[in-house]
Amino acid sequence: MGTDTVMSGRVRKDLSKTNPNGNIPENRSNSRKKIQRRSKKTLICPVQKLFDTCKKVFADGKSGTVPSQENIEMLRAVLDEIKPEDVGVNPKMSYFRSTVTGRSPLVTYLHIYACHRFSICIFCLPPSGVIPLHNHPEMTVFSKLLFGTMHIKSYDWVPDSPQPSSDTRLAKVKVDSDFTAPCDTSILYPADGGNMHCFTAKTACAVLDVIGPPYSDPAGRHCTYYFDYPFSSFSVDGVVVAEEEKEGYAWLKEREEKPEDLTVTALMYSGPTIKE
């Protein structure tokens, strides 16, 4: 049998599957479109899904605006599913190696995305790396520990408490624990959830942060660092705490300058790209 005969036989068979006007039958066309739609859905990478979700959750973008509970749970669910490989990090990278220099280990900041409504980034901490106690004024922050074990200590302000000085306020401990990945995404809010917190890496750690809205000096959202002092360090009229509860409180004093023991280098993110 010649090549022309084979090809003509194939053409006849293909044409027999079309309708009289030569078009693909509608049911087959619809099935193909459904398959294409499913394929497109499966092609959305986790970091793109995170970006798309953030656009919805932080659509308002105003200082102090807390997303609805439905939106909070939606973003938390997306973050809970993200793995280190989804954002291109792993413990073998140079960011996570300890170096003996006599100084605090270098913390690496990987910028993923930022706009006036939200920012997405990764903090890479080698063992013993520290991000000192700092605040997130008028922000809602989602933190996902991608790998490693980290100690987190956080505080919330005690409202309307007398102060020993204008730069020192009473705060209540919200969290003081070790966390090991995989674990639930943590969330802090403008007025509760541990708005002031510090991170100490027990092992090499990577933390994926989503902040809405991000820090902005023009908008009055400044990053302030603090010293924390035991409750017994100050005696203030009108402030009384039971002896057995004193460890749950501390005085936070604003630091005039950025901590000397904090060394952060900013590098560009090299994981899967985001399409705006």
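1. Confidence. This is a predicted model. The protein chain has a mean pLDDT of 87, with 84% of its residues at 70 or more. Residues 1-22 are the part to treat with care: pLDDT stays under 50 over that stretch, and the model gives it seven contacts beyond four places in sequence.

2. Largest pocket. The space in the largest pocket comes to about 410 Å³. Its lining numbers 20 residues, and those closest to the centre are Y109, F123, I211, Y215 and C223. By class, 14 of the lining residues are nonpolar, four are polar and two are charged.

3. Strands around the pocket. Which strands each supply at least two residues of the lining? They are β1 (107-114), β2 (119-125), β3 (130-134), β8 (196-201) and β9 (205-212).

4. Annotated site. The UniProt record places the feature "binding site" at H134, H136 and H197. These residues span 64 residues in sequence, yet no two of their C-alpha atoms are more than 8.8 Å apart, so they gather at one spot. H134, H136 and H197 are also included in the lining of the largest pocket.

5. H134. Is this histidine, H134, buried or exposed? With a relative accessible area of 7%, H134 falls under the 20% cut-off and therefore counts as buried. H134 lies in strand β3. Beyond its neighbours within four places in sequence, H134 is in contact with N195, M196, H197, Y215, C223, T224, Y225 and Y226.

6. Cis peptide bonds. The bond from A181 to P182 is cis, with omega near 0°; P182 sits in the loop between β6 (168-180) and β7 (186-188). Another cis peptide bond joins G212 and P213, where omega is about -15°. P213 is in the loop between β9 and β10 (226-230).

7. Positive phi. E138 is not a glycine, yet its phi is positive, near 60°. E138 belongs to the loop between β3 and β4 (140-147) and is partly exposed, at 40% relative accessibility. D160, also not a glycine, has a positive phi of about 60°. The loop between β5 (149-157) and β6 holds D160, and at 80% relative accessibility D160 is exposed.

Methods:
Residues are numbered from 1 along each chain as its sequence is written. This is a predicted model: local features need pLDDT of at least 70, side-chain atom pairs count only at pLDDT 80 or more; totals for chains, interfaces and linings use all residues. Side-chain values use heavy atoms; hydrogens and water are left out. pLDDT is the predictor's confidence in each residue, from 0 to 100. Contact means heavy atoms within 4.5 Å. On a 1 Å grid over the protein atoms alone, a cavity is a set of points where a 1.4 Å probe fits but cannot get out, and a pocket is an open set with protein on both sides within 12 Å along at least five of seven lines; lining residues have an atom within 4 Å of a point. Grid points are joined across faces, edges and corners, and a volume is the space filled by probe spheres set on the points. Helices (H or I, at least four residues) and strands (E, at least two) are DSSP runs, numbered from the N terminus. Ala, Val, Leu, Ile, Met, Phe, Trp, Tyr, Cys and Pro count as nonpolar, Asp, Glu, Lys and Arg as charged, and the others, Gly among them, as polar. UniProt positions are given in the numbering used here, feature names are shortened, and annotations may be inferred rather than shown by experiment. Buried means under 20% relative accessible area, exposed over 50%, partly exposed in between (1.4 Å probe, protein chains only).
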